[in-house]
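Student: I have a model open and want to learn how to read it. Can we go feature by feature?

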Amino acid sequence: KGLRPPVISLALSPGSGVFMAVLVQMTIAGKSFIGGNMEIALTANLTASSVLGQDGVGTPRFSSRNCHIALVSVKTNLPSSVLPKVMSKFVHSTLQKVLPGLLCPAVDAVLNLVNAKFTTLTSEIPLGTAGTLQYALLNPPMTSETFIELDLKTILHQKEGKEVDLPTDQPSLASLPLKKDAATQLILSANFLSAELSVLQASLNLNISNNVVLGLPPLVTTMLGALIPEISRVLPPSQPVVIEMQEAKAPVVTITPEKSSVQLFSTAEFWVSPSDSAPESLFVLDV
């Protein structure tokens with residue numbers, strides 16, 4: 001007849017998963033064994049533990065264990081003179097048998113919703129049009145008193161489908177920053193970031209012209225001559241310029257406790273494009 005919002009408490013179980021306690025308050029209505037309507041207002045404490053493991057494709061997965069129901073209080077709308085002790089014990093024992101089948105499946109339903117969220121972990125993530133990124137568990141999940149740790153294997157594929165080799169070195173947990181309370185901490189290695197940028201390398205190649213970059217002075221040879229006086233004598237006057245940017249080698253990411261840096265290596269080739277002849281290369285800069 002009525003179900004009040006449950007009071008839920010959660011705690012991490014070291015080496016296992018999650019322990020949950022749910023205080024349930026409900027009213028059950030039906031026909032009385034002596035005739036008329038009968039209402040039973042009950043309070044029960046549901047306790048269950050869930051184990052956090054992984055399935056065959058390397059996805060975290062919760063599974064329920066040891067669901068128990070303990071009756072805290074049972075009250076009826078029948079006077080105590082009508083409900084002798086033997087019948088009271090009968091009601092208690094009946095509820096103790098019925099409630100697990102009524103309430104424990106709710107635990108499985110909630111865990112299934114959480115597991116459905118986990119399935120997105122192993123789905124392929126497009127990196128623009130350059131390739132894809134995918135995760136899988138490298139080791140079984142580790143649960144401590146204060147946090148759950150997931151060590152993930154990263155799988156990078158280039159656009160052609162070729163897998164990018166990634167070093168398997170793991171950072172020392174002792175060297176990581178202290179974890180903050182009630183926060184999710186994501187730790188990415190420099191090797192992974194370098195590899196991801198290498199997949200995106202082709203995306204960094206581009207031709208820069210007046211139509212591409214707004215807000216710059218007109219890209220013409222006169223502007224180049226003003227910037228680099230040494231070449232002004234050999235440049236044709238007032239001709240449109242196109243800058244061709246090409247990645248020269250794989251990017252490098254460096255991370256230290258003091259600072260982090262990303263190095264992108266490319267060449268910038270300057271082309272003059274007269275309207276009456278083919279484009280001509282002027283010079284190349286290493287950037």
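Tutor: Start with helix 2, residues 190-199. Its buried residues are F192, S194, A195, E196 and V199. Keep in mind that this is a predicted model.

Student: What covers the buried residues of helix 2?

Tutor: Look for the elements packed over them. The cover includes strand 6 (125-127), strand 7 (131-137), strand 10 (152-158) and strand 12 (241-255).

Student: How is the protein divided into domains?

Tutor: Read the bounds, then the spacing. Domain 1 spans 7-119 and domain 2 spans 188-286. Their centres, taken over C-alpha atoms, are 66 Å apart.

Student: Which residues of the largest nonpolar core touch the most other members?

Tutor: That core has 23 residues, and L46, I69, L95, L99 and L103 touch the most other members. Strand 3 (17-31), strand 4 (37-54), strand 5 (60-76) and helix 1 (85-118) each supply at least two of its residues. Another core lies apart from it, with 12 residues, among them L224, V241, I243 and F283.

Student: Now a loop residue. Is S32 buried or exposed?

Tutor: Check its relative accessible area. For S32 this is 9%, and the cut-off for buried is under 20%, so S32 is buried. S32 sits in the loop that joins strand 3 to strand 4. Leaving aside neighbours within four places, S32 contacts N37, M38 and L78. S32 and L78 are 46 residues apart in sequence, yet their C-alpha atoms are 9.1 Å apart.

Student: Where does W271 lie, and what does it contact?

Tutor: W271 is in strand 13, residues 260-272. At 25% relative accessible area, W271 is partly exposed. Its contacts, leaving aside neighbours within four places, are P240, V241, V242, E244, P279, E280 and S281. W271 and N207 are 64 residues apart in sequence, with 10 Å between their C-alpha atoms.

Student: Last, backbone angles. What is phi of N66 near?

Tutor: Phi of N66 is near 55°, a positive value in a residue other than glycine. N66 is in strand 5. At 55% relative accessibility, N66 counts as exposed.

Student: Where does S238 lie, and is it buried or exposed?

Tutor: S238 is in the loop between helix 3 (221-227) and strand 12. Its relative accessible area is 54%, and exposed means over 50%, so S238 is exposed. Its phi is positive too, about 50°, although S238 is not a glycine.

Methods
Residues are numbered from 1 along each chain as its sequence is written. This is a predicted model: local features need pLDDT of at least 70, side-chain atom pairs count only at pLDDT 80 or more; totals for chains, interfaces and linings use all residues. Side-chain values use heavy atoms; hydrogens and water are left out. Helices (H or I, at least four residues) and strands (E, at least two) are DSSP runs, numbered from the N terminus. Buried means under 20% relative accessible area, exposed over 50%, partly exposed in between (1.4 Å probe, protein chains only). Contact means heavy atoms within 4.5 Å. A nonpolar core is a set of buried Ala, Val, Leu, Ile, Met, Phe, Trp, Tyr and Cys residues joined through side-chain atoms within 4.5 Å. Domain bounds come from an automatic or database domain assignment.
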